[in-house]
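I opened this notebook to record charged contacts and ring contacts. The entries follow the order in which I looked them up.

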Amino acid sequence: MATSGNCNFYSECIEKHVPCGEDGYALHYAGKYCNKFGDESSCFNEAGQNWINDVRICLEVFLLRNSTAYRHNGTCEELQKEGFSSHPLCYLQSGFCKVILGSFQNLLCLGKVFDLSDFLSQVAIKQVYVTLQECLK
């Protein structure tokens with residue numbers, strides 16, 4: 001399921017191993033945005049749509065391979081920390097700087113996907129900062 005970028009991965013796999021409920025990382029953030037990107041994918045150009053798919057797969061595979069919370073039934077806090085730590089890596093490896101920042105259309109579409117309220121936490125601000133800082137190099 002993870003290698004296909006299927007959004008059910010978060011509810012059927014991650015949430016079952018590390019149950020954190022509706023406010024946890026798997027359902028409230030990762031699954032939510034996986035689905036929102038899918039809902040808005042037609043807004044993105046072809047490169048942006050490919051970026052969405054690549055990021056989905058990267059994020060899911062990262063959790064399967066690298067998350068000690070997932071592999072060892074860790075805490076919700078551990079899962080969230082590990083999940084968020086993968087975002088800049090996967091965004092950048094999938095071409096964020098060129099595909100998203102390099103396209104006004106894709107940048108506008110990205111703005112349609114995210115809820116501002118989800119970016120008021122320190123961990124979310126850090127992931128945005130790290131990603132943009134790498135793009136400026």
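Which side chain does Asp115 meet in a salt bridge with an N to O distance of 2.9 Å? I found that the partner is Lys32. A salt bridge here is a side-chain nitrogen of Lys or Arg within 4 Å of a carboxyl oxygen of Asp or Glu. The pair links distant parts of the chain, 83 residues apart: Asp115 lies in the loop between α7 (104-113) and α8 (122-135), and Lys32 in helix α2 (residues 25-39). Helices are DSSP runs (H or I, at least four residues), numbered from the N terminus.

I note that this is a predicted model, in which local features need pLDDT of at least 70 and side-chain atom pairs count only at pLDDT 80 or more, while totals for chains, interfaces and linings use all residues. Residues are numbered from 1 along each chain as its sequence is written, and side-chain values use heavy atoms, with hydrogens and water left out.

I then looked up Lys36, which also forms a salt bridge with Asp115, at 2.8 Å between the closest N and O atoms.

Next I turned to the rings. I recorded twelve aromatic pairs (ring centres of Phe, Tyr or the six-membered ring of Trp within 6.5 Å; planes under 30 degrees apart are stacked, over 60 edge-to-face, the rest tilted). Phe37 and Phe44 form a tilted pair, 6.2 Å centre to centre with 40° between the planes. Ring pairs link a cluster that includes Phe37, Phe44, Trp51 and Phe114.

Technical notes
Helix = DSSP H or I, 4+ residues; strand = E, 2+ residues; numbered from the N terminus.
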